Each structure stands twice: as C-alpha cells, then as structure tokens.
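Me: I have just opened this one and would like to go through it slowly. Could you help me find my way around?

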Amino acid sequence: MRRTVTALIAASALVVAACGGDDDVAGGVASGGTAAPTGSATDGTATGAIEAGSEDGKLSAGPQDIEPAERAELQHGGELRIPISSLADNWNGNHPLGNEVPYSWVRSPMEFRPFIFTPEGEPVPDEDFVLDATVDEGPPMVVTYTLNPEAKWNNGDPIDVDDFQAMWKALNGENKQFKVNSHAGYDQIESVEAGANNFEVVVTFDKPYPDWQGLWLGMTHADSMATPRVFNTGWDEINPDWFTGPFVFDSLDTAQQVIELVPNPNWWGDEPLLDKLIYRVVSADARAQAFANGELDIVEVGPDPNAYQTVSGAEGADIRTAGGPDWRHFTMNHKAGVMKDKTVRQAFMMSIDRETIGESDLAGIPWPVEPLNNHVFVKSQEGYQDNSNGFGYDPQGARQLLEDDGWVRGDDGVYEKDGQRLTVELTQISGVPVSENENKLAQAQLQETGFDAQVVNVSQDDFSDALFAGEFQVMAFSWIGDPLPLDDFDQVYGTGSDSNFAFSNIPEVDERLGPLATELDPQKRIEMANEIDTILWEEGHTLPLYQRPQIWGVSEELANIGAFGLTRFDTAAQWENIGRRS
Amino acid sequence: MATYVLRRAVGYLVLLFIAVTLAYLLAGTQLEPRAAFAQQLQGATPEGREAIVSVLRENNLDTSENVVVRYGRWLSDVVTDNDWGVSPRDESVREQLSTRMWVSLRLVTIGSILGAAGGTLLGAWTATRQYKRSDRFATLSSLVVISIPTFVIAIILALTATWLNSRTDTGFWSFLPELQFLGETGKHPPGFLHGFLNRLNHLILPTITLALTQLAIYSRIQRNIMLDNLNADYVRTAQAKGLTRRQAVFKHALRTSLIPTATYFAFTVGLLFTGSVFVEKIFGWHGMGEYLVDTIREQDIHGAVATAAFAGVLVVVAAILSEVFVAILDPRVRVR
C-alpha cells in the first residue's frame, strides 16, 4: 500500500455529499447521502449518480461519511478510544515493517502532511504546514512549496528544506542501504533546494510526475532518516522529537498494549478538542462487542454480518459508511490452461454473475452491491465509467461466443474443442470465507455456461507464493487500500511488471502506460486510463467484482470521524477538530 | 531423596532440550515468515519486496536457508546472549515473553484458585450426598458447563454484561459498577484503591469464565475419587475406632482423595498459561495464550518456539510441583 494519495486528484469533482454538514445534499448530482443527522443506519435520502442509498434500507455507498461539524458546535474534552490490531516494532512508515494501516492510525495525528484532501478528493494545502504549493510544468517540472514558518518539530527545530532533502535522499533508491517500501515519485526528483529562504522548498523533477501531491506525506524530522541505520532500526519506539502535529505521544503500556496521545503543548494550530487519543490492541473478533459495551468509540465493521448486527444495534451507535478504495476480483492467468485463450477469458467473464456473488459475500449487511465495471476507478471516484462493453453477466452470450469459436457442447454439458475440454481451475484460499464463497458460486455459474469448473485449494500461507509463481488459473483476491489508481497502474497491467498476476502481454496497453505516467492534465489522464480499461475488458485480464464497503460504527456524538472513503483518514482526518457534540 | 530429584531434573532438562529442538525444526519448516507480509507483498513495489526479504534474512528468518543452519544460529544466540530472536516484524521474543507471562499470571491466578478450591470442595461435598437432590443438581450443572465450549461461555458473559450495563444507569441494577471486559484497565481515576478496584472490575468476567470451567471439572474429578474412598475399608475402620462420620471423611477420605487431584492441579496450572486463548482473545488480554495462537498465525518461527519452550518449562515445573504436593499429602512418600 502506498502512502501517496495523489491519484485522488483524479477523484475529485463528482462527489458532493459529505461536505454539507447536517443539512441535505445539495443538488441532484452525485450523492453519497452520508448518514442522516439522526445517525440512522438506513439512510433513504441518497440519490443520484452513485445510486448508493437509493434503495430503501440500504447503506450509503457515498464518498465519505464522517458527520462533519464546525468546531463551535463541539465541546472540549473527552477521549477517543480506537482499536488497532497490533503495535509496531518499527514505527517508520516508509520502512516495509512499519507500513501498516493500524500504525498509520497512531502516527497520523502526529504527522507532517502537505495536503488535506477534501471529500471531493481535492488537495488543499494543509496550512498548518504548507502555505502554498505551486507547480511549473516545465520542462523540467518544478514544484515550489512555501512552508509555514511557525511549523516546528516537537524538539523545537523548524520544519524546513533540510527535512525534505533528508526524506528525498532516504527514499529515492540511490542508497540501497535504506530499506524502503516504495521509491515512487522520489526517484523522479532531480533536486530539492532552498528557494528564497529555508522555508521555500524547490523540488525539480526529471520528468513530469502527475501524482506529486502525494509526496512528503508523513515526513518526519531529518534526524530520523539521516542514516540507513537510524532509518532501518532506530524506530522501535516512537521518538516524540521526530514528530509534530496536534497530538503528541504520551505513554505506551506494553502489558495492556495501549498507546495514549495527548494534545501537543507546542502545537501552533487550532487547539485539539479531545483530551486524549487511546489506541488499544483488541482482536478483531472482540471489537464489536467491546464497542457495544461502550469500551471503544469507533470500530470498523468489515464484511461480517454478526459484527454489523452487534454494532448497529448498540446503544448510542452511529453507522457511517462510504465506498472504499478496495475491490474484489478474479485474476485470470494468461499463461495457464484454457485461460490462454482470449475467447475463453471473455466467456468466463460473461458467465459470472457478479451481483449475486457480491450480495452473497456481504449477506446480512444492507449494502447496495453493484458490479464494478472498471479496473481503474471505483464507483465513488471521478473518472468511473462502465467499460465492460458487453462482457458483463450474459451466459447466453458466453455460449454463443464459445460456439462461434468452434467449441462444441458435449453430452455432459461441457464444451470441447479439438479434444480439449473446457476445464478451468478456480483457486480458493482455504479458510477465507469470501474466497471460498466466491469460488463456490462461480463454479456453479461457470458450469451453467458449460465450463468444467474445478475448485482447488491453496493455503493462506502459500497463497502469495502461488500468486507470484503463476501457479493458478483463476484466483480471487482483493486489491487493497490503494486510493491511487494511477500511480502504480503499470505495476499491475504492464507486461512483465511485478504485480501483473495475469502475466499478460498486451502491447496496446503497454504503449499507453508510458504517456499515462507523465500526463499532467487530470481530465486527459482519466480519458487515457479509461481507454486502457476498455482494452483490459476486451482482453480479459482481471474481472472486477465489486467495490468493498467501508462500514464504521462510531459513538453517535463524535463528529469529524468515521468512514473517510477514498481519501483515507491520514490525508483527510483533522485530528484537532474531532470532538463530541455538546 | 536429593539425588533422586536431581536425577529427575536432569532428565527433564534433556527432554526439554529435545522438545524445543523439535519445535524449532517443526516451526522452521512449516511456518513461512514471508507469508506474514502476503498482503503487502502482493501490492508491493520491487524495492519494497526486496527490503522485506533482506530484513527477514538479517533476522535469521529466511526459509530458503537450510533449517539446521538456522537452528544452529538461533541456538547459539539463545545460549550465549539469552536472545530468543525476533518475529518477522522485528519484535523481540524475549520482551514479549517477559511481559506476557505476568499478564497471564494476573489473569489466571484468581480464576484457577477459585475453580480448583471451589470445585474440590463441591465435589467432596456432593460425594457425601450422593444421589440426593443437591448432588444431582451439581452434577447436571457441571455437565452443562463442561459441555459448553469456553468461548461460548465467555461470549454469553460478555453479552450479559452489556445487557446489565445498559441497565445500570437506572433501576434495580444501578448499584453495580459498569462491567468492563477489555484488558486490565483502560483508564481509571488516580489513587491506589481506584486502580486496584478498576483492575478487579476488569478481572471479573474472565475470572468467572475461567473459574466456572475449572470448577465444573474439578468437582467431577473430586466427586468420583471421593466416592471410591468413602466406602473404603479404612474409612469404616476409622469410624469403628470411634471417629464421627464427619471426622473420618475429612481427616481420612478427603486427604487420600486429594492426591490425584493435586497432581492434576499441578499439570493444569502449567497449561492454563497457554490454555486461556479464548478468554484472552475475547476479553482483550495480551498474555501467553494469545501469543501462542498469534505467533503461529503470524508465521513467527521464533515466537512459536519460545512459546513451546515456555510451555515445556511449565510442564517440568508442574511435574516437580506435583511431586512436592504428593509428598505433603502422602505420608508413604515422605517416609521413603
């Protein structure tokens, strides 16, 4: 998961809702509905382009739902108790060991960030840190940041060009001793220099980098990245001196596994409303009940109907939902068995009833499941359009396609061609309910068409090995938590790329990926991406199933927190403004 | 006697060493630390993936190396530095152990003492009242408790607590403190007494869970052994010598029938540390039970081996303890 957020820029405009406060959703466009002021889980008000809550009793699949409120409406004081799955032993978010969502929850209120993303996905400079950022398209492309001179690290040092340089040098990949998650973006920077003074940072790129707004998120003090040694192994504890932000590290209890943050006395921005943020390690299974018992203030429900029941029925609970950046899909291996054949891949896609699969995966949760018809954008994102071009569910069409290609249906209902049976292997990850469910349903649907569908098991431990080695024909999994559809797009779809688990070789896609990576005009980029997407549907690379929901239970009086949708909490949460209604 | 114990101790140590070695070989070949990063690897950049692999290699967790080589390196660290290695996520196993064993101790002490003592008494008492209504009631309820899995009991208790809490604001239940079931203490007002009471509050539900199951099992065991002894000749003899029935039962029958229970107690105490998995998971305690499950789930070779070693040590301690118990209760052993 990259920590960059930029492609969200592309995610802009369309989405309206969550900004409107308590009143209704302005205008008929877009929708989202967000939660009703009453906090009722059934929000019938949503209408419009995203269609989410339009069906009665369904949750809203809008862009964001955090119950926004002005500071004046909220009271000072109180605590926010957040469950996390584990404590880090390496708190460096740019190191692979520290790159986990629960750790970002802890770091986020103490982090530097250049931009805040509005619910619409628009990046706005976070003026506590960056007063202004201007881009000169060049060539060469140059971005000039004007930093807030008041901004300081907790040890009193100013946040200035030195920190930018240190981060660039650590992450650009030149010194292999730094173990980093991703060089993306930083490896395209040619220089980082001071402008008129140390608070003006001039960043020069060696080629246009459209996702530049995602850089420098979570930057820490230059000392924290000065040497590979410090970067790799100096982070076993949270060193408050390296951080900044509205909250500051207060205590860690290793026996209870609880971390507490308190308002930062040196913070120069608006004073935080809450007295304390408490992060407690609680196993996923125990969270819903603990929330219902009033021992947690916020809990992510996930695709678990029991948890949904418990949380939505709890006293004083508000369910907040949004469409997330994750989506389920079947990846089709272009190098395995009958899936080598493009016609078979197309027939495969047309045999799968994605709506039924999605509804079954999320049974017990009133989520408006709809098939996802785009490989690039999810439904609640600007740029989303249906590119499936007839490759959606159509078993009759699938049979026609096969028969036109010379496949003949045998007595047992299975197609054959040149002595080869239409046998496809679906690899399910055993012990993962959604995977088992999806494969079981797909098997029945494929047999309906005339496939001989077999389900084979892979253990959770061997899953990633099988994936990398291409030892599968079709496998279902999620693309997780990357709200940036374009920044690493080539990784998944380019020939020979690292995460191209379909092992595809599509020249028409390859030749379009290069220009896409350097196009600075957001609208143009969206068009280019959709053009690629149309080819991906035609070729049958990955069959997107549905966009996964973000469902959060939040104590109802809490405002400015909940389901952040595509923008994610670390680019959208304003921790100093989270508080309780009076 | 001393040489006998010493010889036993050396034997136990050799056994322990073999057990730990086998545990390492098993964990080292069956667990795959890279899988702990499956999700990250899948979307990772090449540099990110390389970084993960190199960190694992530095931490002696690269499974492409021969397991015996890895074992040798690990063993020498354990022997020379008492360094038990790190998890795939670079967490010190020794630190985890040293924190978690005390957490477990706090969690299981009261519950197991209540359960064992209460169960023994209940069993002894019901044995003297065989087939009476109270005996039948105790038998039935302990069978019910035994047949309900621990995690169901724990969840029922948690649900009940939530229900009770929703009623404590007003009405009949308002005298009760808000029952909490996460961890030992989240927040509490300052002061020793408050802290102590708060801890107790957090202990209530897990303790009931642990005590209930223990109580049910002990009462069954104790009742059966006791029944055998109640009708034994020596009890009748004692009564014939002029002791009352009550004296004969307490001084002779109960004492004799405590011996097998004590042995059982010693061994269960050892296993309780790693056996309270569900209680820890459901009530948010971070002790040895959770560690046992988590290390395996998270492909943590060193953690899993350390847990096995820890459990092994406990079994050894329990075995010695049970011999001591028996010595105290059984005069024949003392004389020997």
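This is a predicted model: local features need pLDDT of at least 70, side-chain atom pairs count only at pLDDT 80 or more; totals for chains, interfaces and linings use all residues.

Me: Where is Thr162(B) placed, and is Thr162(B) buried or exposed?
Reply: Thr162(B) sits in helix 7 of chain B, and because its relative accessibility is 13%, Thr162(B) counts as buried.

Me: OK, stepping back, what is the secondary structure of chain A?
Reply: Chain A comes to 14 helices and 22 strands. Among contacts between residues at least 6 apart in the sequence of chain A, 69% join residues at least 24 apart.

Me: Why is helix 4 of chain A largely enclosed?
Reply: Helix 4 covers residues 284–292, and seven of its nine residues are buried, so the rest of the structure largely encloses this helix. The buried residues include Arg287(A), Gln289(A) and Phe291(A). Just after helix 4 of chain A comes Gly294(A), which takes a positive phi of about 75°.

Me: Now the two chains together: how many residues of chain B are in contact with chain A?
Reply: On the chain B side there are 49 residues, in contact with 47 residues of chain A. The two chains bury about 4000 Å² between them, and 49% of that area is on carbon and sulfur atoms.

Me: And how many salt bridges are there between chain B and chain A?
Reply: The count between them is three salt bridges. In a salt bridge between the chains, the side chains of Lys179(A) and Glu58(B) meet at 2.4 Å, N to O. There are also eight residue pairs in polar contact between chain B and chain A, with both residues at pLDDT 80 or more.

Me: Which elements of chain B give two or more residues to the side that touches chain A?
Reply: They are helix 2 (38–43), helix 3 (46–58), helix 5 (93–128), helix 7 (150–168) and helix 11 (277–282) of chain B. Helix 3 of chain B gives the most, with nine residues. By class, this side of chain B has 18 nonpolar, 19 polar and 12 charged residues.

Me: What about Arg236(B) and Asp233(B), are they buried or exposed?
Reply: Both are exposed, and their side chains meet in a salt bridge at 3.1 Å, N to O. Because Arg236(B) and Asp233(B) are three residues apart in helix 9 of chain B, about one helical turn separates them.

Me: Last one: which residues are linked with Arg81(A) in a network of salt bridges?
Reply: Arg81(A) is linked in that network with Asp297(A), Glu557(A) and Arg580(A).

Note on methods. Residues are numbered from 1 along each chain as its sequence is written. Chains are lettered from A and ligands numbered from 1 in the order in which they are written. Side-chain values use heavy atoms; hydrogens and water are left out. Buried means under 20% relative accessible area, exposed over 50%, partly exposed in between (1.4 Å probe, protein chains only). Helices (H or I, at least four residues) and strands (E, at least two) are DSSP runs, numbered from the N terminus. Contact means heavy atoms within 4.5 Å. Buried area is the accessible area (1.4 Å probe) that two parts lose on being put together, summed over both. A salt bridge is a side-chain nitrogen of Lys or Arg within 4 Å of a carboxyl oxygen of Asp or Glu. A polar contact is a pair of N or O atoms within 3.5 Å; within protein, one must be able to donate a hydrogen and the other to accept it, and residues adjacent in sequence count only if both atoms are side-chain atoms. Ala, Val, Leu, Ile, Met, Phe, Trp, Tyr, Cys and Pro count as nonpolar, Asp, Glu, Lys and Arg as charged, and the others, Gly among them, as polar.
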